[in-house]
Amino acid sequence: MSETKVLLIDVENVVGPVNPSPGLVRSRIGALLAAAGPVHHAMAGYSRQDPAGDRVVSVLAEMGVCTWVVPPGTDAAEKVLLAHARYAHDRGCRSFVVASADHGFTALRDLGTFDVVVWQEQEVSARLAAAARAVHRVPRPACGARPVRHQPTG
């Protein structure tokens, strides 16, 4: 896995926190997948109070994105995505792309290099921008924009 990169998606930060529609998830996650370029795999993290009523996990599965759903809590998605990054790092990964504007992801600098992918108008933590190799800003797609299906490279 040393020559590949892993995409970490903070769903609540780049899609929204309250039961987004399947169309919105498809269009926004699809745009982020396209912006990230070839990756070994993509891992999305988010919290849900009632996982049984969650449709996001199914939409992400259709798109080839792994998910880690956790109970709500302070920085819950960041914590699980960073745990996954450490797992990938232990297996040789040294390159990441993070779809989030939250400063907690500065911890990725201890694991290798990372880029940030965010919406054009989204505010990015100054600490995160300083720690990242690059910040890539992409247009935020409207709900219903054509989705992109993720194809892992590994």
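Two strands count as paired here if DSSP finds at least two bridges between them, and strands themselves are DSSP runs (E, at least two residues), just as helices are runs of H or I with at least four, numbered from the N terminus. Before you click around: this is a predicted model, where local features need pLDDT of at least 70 and side-chain atom pairs count only at pLDDT 80 or more, while totals for chains, interfaces and linings use all residues. Residues are numbered from 1 along each chain as its sequence is written, and side-chain values use heavy atoms, with hydrogens and water left out.

**Stop 1: the sheet**

Switch to cartoon and pick out the strands. Six of them make an open, parallel sheet, ordered β3-β2-β1-β4-β5-β6. β3 (66-70) and β6 sit at the edges with a single partner strand each, so one side of each has no neighbour in the sheet. From one strand to the next, the twist averages 20° (axes are lines fitted to C-alpha atoms, and angles run from 0 to 180 degrees between N-to-C directions).

**Stop 2**

On one flank, β4 pairs with β5 in the parallel sense over four bridges. Show Ser95 with its bridge partner Thr113, then Val98 opposite Val116.

Which residue of β6 stands opposite valine 117? Select histidine 136 and you have it. β5 and β6 (residues 134-138) are also parallel, with five bridges. To get from β5 to β6, follow the chain through helix α5 (residues 126-131); this β-α-β crossover is right-handed, i.e. with the strands pointing away from you, the path from the first strand over the helix to the second runs clockwise.

**Stop 2**

Zoom in on Ile29. Beyond its neighbours within four places in sequence, Ile29 is in contact (heavy atoms within 4.5 Å) with Ile9, Val15, Leu60, Met63 and Val65.
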